[in-house]
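Hello,

Please read them with the model open.

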Amino acid sequence: MREVDIKTELLNVIKDIKAYIKAEEEYGIGEILMPGAGAFETEKASLPSKSKILLSLKNEVLNCKACPLHKTRRNVVFGDGDPHAKLVFVGEAPGYDEDLQGLPFVGQAGKLLTKMIEAMGLSRDSVYICNVLKCRPPENRQPQPEEVVACKGYLLRQIEIISPKVICCLGRHASCALLETEDPISKIRGKEIDFKGIVLIPTFHPAYLLRNPSSKREVWEDLKRIKKLLSEE
Ligand code: URA
Ligand code: SF4
């Protein structure tokens, strides 16, 4: 082979390698797959993690205009916490503070929820907290059935991605939305209900507890049972 042919050949090979590396980077794979060496790790690293899937769902919800609440919201409140949490709390809808900060349960009821979580010996960071509605209803009015219908798919996807061991529904709206029942919260509170293989326990909403502190005792019983379920294999 003439020297000039070898040079052209080498340049072509370099061009191919560059194109290969560029394609690998575009598909999010940070290393070149060498036969036999580290192939398994590369494959594993390219699988999207729970955090990544949850983040892409969040980006979808941040742009949602599926119900009229998008017109009055300041921020979408997607949810917050550990994507690998064994326990998910589901509330009703963002209030004033949540809408302002874009985070769930950061107002007065949220402070009580944080205390309840800490009383269980857990930290807020180790659980996941979200709501049925991701946007605030004006003047904190009750969620409308059509808003719940429009938004519920996001909650179902969050639960599917996180796939916790226990879901604690805070109040009537969360319990009724997930269980598709009209039963009053007083009737279903404290029951262990199967929800797609996950134990769902409805309890009173912390905002209700702020108005009715004597019901804290019942909620504490529910939280203790949840703690026991989490510690079981
Ligand atoms: N009440 C809820 O149901 N959710 C929140 O995020 C805050 C208050
Ligand atoms: Fe979309 Fe839910 Fe917000 Fe309605 S409440 S706009 S369905 S994210």
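The largest nonpolar core has 32 residues; a nonpolar core is a set of buried Ala, Val, Leu, Ile, Met, Phe, Trp, Tyr and Cys residues joined through side-chain atoms within 4.5 Å, and buried means under 20% relative accessible area with a 1.4 Å probe, protein chains only. Among the residues with the most contacts inside this core are V90, Y128 and I159. Helix α6 (145-162) gives the most to this core, seven residues. Y128 touches, among others, L54, F89, Q158 and I162 (heavy atoms within 4.5 Å; residues up to four places away in sequence are not counted).

This is a predicted model: local features need pLDDT of at least 70, side-chain atom pairs count only at pLDDT 80 or more, and totals for chains, interfaces and linings use all residues. Residues are numbered from 1 along each chain as its sequence is written, chains are lettered from A and ligands numbered from 1 in the order written, and side-chain values use heavy atoms, leaving out hydrogens and water.

Helices here are DSSP runs (H or I, at least four residues), and strands are runs of E, at least two, numbered from the N terminus. In helix α5 (108-119), the buried residues include A109, L112, L113 and M116. Their cover includes β2, β3, β4, α9 and α10. Just after α5, G121 has a positive phi of about 85 degrees.

Regards

Conventions
Buried means under 20% relative accessible area, exposed over 50%, partly exposed in between (1.4 Å probe, protein chains only). The expected span of a helix is 1.5 Å times one less than its number of residues.
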